[in-house]
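This report describes the overall form of a protein chain and then examines selected elements and residues. The sequence and structure are shown first.

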Amino acid sequence: MAPLVWPGQARASAELDRKYSLRTVGVLRSWDNVDGLFSDYVTSAFRDWFQAQSRFVFIDLSKADALMQASKLSYLKLVEDNEVLGQVSKVMKSESVVRTKVWKEGSRYRFKIDWLHAPHMELLATETFQFEEPSDGKSFSAEDLKKALQGALERLVRQVPLLASVSGRDGDSFTLDVGKNAGLRRGDTVVVATLDEVKKHPLLNSIVDWRTSETGRGTIETVDEAISFGKVLSEEAGRKLSRQQKVVKIIQGPEPRVEPVVDENQERAKEMEAPPRLGWGAGGLWLGTLSRQYATSPQVNAGRSGTALFLGAKAEGQLWLNREWFAELGLAFGFSSLNQNDLSTGTSTGLASISVTAIQSRLSMGYTYFATPELTGPKGTLRLGYQSTAYSMPSSTTEYTGPCTTKGLFLGVGGDLPLRNGWGALVNFDFGFLNTVSASDFISSSAQSVSSVNFFLGGYYRWKPRLSLRMG
């Protein structure tokens, strides 16, 4: 049986370390099927990312881009032509180039980013991601797109298992071309290796495997923003930790112990600025008018009616069982002084004012639908509960008054719509069902039907995350 040979292998050691230094990198102007919409976004995002990484030297390919744009061939064919890209990298002295293609597919944009090694444009790595077009008809956020592009670029670079390069060696000391910007810290241990073999796919012109062998290890002693200094800990037999070799692994050292300094005033301020976690409580006035009408029978326009100012107070609270489900309790108390008129004549009965007190209690369970992930964003509520309202009045057969209590279940829907600068709108509608009424002093028989409706429309101002003012 003939041995299986994988064509396209590169073998050496120091030569491979130099060949794949990946120090200089250029970014091609991106291609897309929406008239170049993303070109400037991609170039700007990638340039900012590479310039923030001390490991890379960014090469400006704008001159080459201009020549390619002027070509009679389509730009897509040019960026897919390895010979053309090889000439571009040679002229611009770029060891590698990054190519980006974007397709609009319905409401989504599909991005494909390739990292190519010059001069033969071997594919080092590729990364694909999708960016969703906003559903509300607004244009996409440039900042969100930049974060998505730079995140994909970082994942692309991490696919190549060469984390950094040794930029210098002097005695037992060495330097690396990365520092704090790569997450290195004092006390970390780095594993340094040399490239023994780079396997390439014979048809796809892509690198499929990196073969390395360890040459030594070192500990990081000093870390600057873009460079770090270390000391050699050990070296493999017959090998020497040298310039251009690659860091293939970083072993994090123990984190420095820092005793936290707690400022009680600052902690208290932070707590007040944080959104609530368990629920909320509210208190306020219960103001309005109290109207009452009693007819002796539906066919006869006889009875009593009256309207008066109503004054009271109420308290309510909500306990969050989890992010969506909640329990709610409400209590209210108020009083009024009512003068009644004869329903048939519309004139006052001439009797003294009737003292009326009202006590209302509500208990419900509900579900909140959040339109956005934010706790204070737009949301709708659905609740099922029990409500009791008791009116206390003196018993009088001539005035048709006496204690009256309504009870029953209710189903409620509501909404909370933040507007701007802390202002928002509230709406709530509760419809009662399975209601009963108890008023034996002036109703001789059970009621034929009972209905109960609560409607609230108002607004609020969120002064602080834990303090809002509401009116409705």
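## Terms and overall form

Helices and strands are DSSP runs numbered from the N terminus, a helix (H or I) having at least four residues and a strand (E) at least two. The model is a predicted one. The protein holds seven helices and 23 strands.

The radius of gyration of the protein is 38 Å, whereas a compact globule of 472 residues would have one near 23 Å. The C-alpha trace spans about 115 × 60 × 50 Å along the principal axes. Buried residues make up 37% of the 472 residues of the protein. Among contacts with a separation of 6 or more, 64% join residues 24 or more positions apart.

## Helix α2 and its surroundings

The buried residues of α2 are Ser39, Val42, Ala45, Phe46, Trp49 and Phe50. Viewed down the axis of α2, these buried residues fall within an arc of 150°, so they line one face of the helix. An α-helix has 3.6 residues a turn, so residues three or four places apart point the same way.

Asp40 and Gln51 are exposed on the other side of α2. The elements that cover the buried residues of α2 include the strands β2 (24-27), β3 (31-32), β4 (57-59), β5 (96-105) and β6 (108-117), together with helix α6 (142-158).

## Serine 89 in helix α5

Serine 89 is located in helix α5, which comprises residues 82-92. Buried means under 20% relative accessible area; serine 89, with a relative accessible area of 3%, is therefore buried. Apart from its neighbours within four places in sequence, serine 89 is in contact with Ser94, Val97, Ala118, Pro119 and Met121.

## Strand β10 and its partners

Strand β10 (residues 189-200) is mostly covered, with eleven of its twelve residues buried. β10 is joined to strand β11 (residues 207-223) by eleven bridges, and the two run antiparallel. Within this pairing, valine 191 has arginine 217 of β11 as its bridge partner. β10 and β11 form a hairpin with six residues between them, and asparagine 205 in the turn has a positive phi of about 55°.

β10 also pairs with strand β13 (residues 246-251), in the antiparallel sense and over five bridges. Here the bridge partner of alanine 193 is lysine 246 in β13.

Strand β18 (residues 354-370) runs antiparallel to strand β16 (residues 325-338), and 14 bridges join them. Threonine 357 in β18 stands opposite phenylalanine 335.

β18 also pairs with strand β19 (residues 379-392), over 14 bridges and in the antiparallel sense. Tyrosine 367 has leucine 382 in β19 as its bridge partner. In a regular strand, side chains alternate between the two faces of the sheet.

## Aspartate 430 in strand β21

Aspartate 430 belongs to strand β21, which covers residues 423-438. Its relative accessibility is 2%, so aspartate 430 counts as buried. The side chain of aspartate 430 makes a polar contact, at 2.6 Å, with the side chain of arginine 362.

Leaving aside neighbours within four places in sequence, aspartate 430 is in contact with Arg362, Arg383, Phe410, Leu411, Gly412, Val413, Ser452, Val453 and Asn454.

Notes. Residues numbered from 1 in each chain as written. Predicted model: local features only at pLDDT ≥ 70, side-chain atom pairs only at ≥ 80, totals over all residues. Heavy atoms only, no water. Pairing = 2+ DSSP bridges. Buried < 20%, exposed > 50% of the residue type's maximum accessible area, 1.4 Å probe, protein only. Arc of directions from axis to C-beta. Contact = heavy atoms within 4.5 Å. Polar contact = N/O pair within 3.5 Å; in protein donor to acceptor, adjacent residues only side chain to side chain. Rg over C-alpha atoms; globule rule 2.2 N^0.38 Å.
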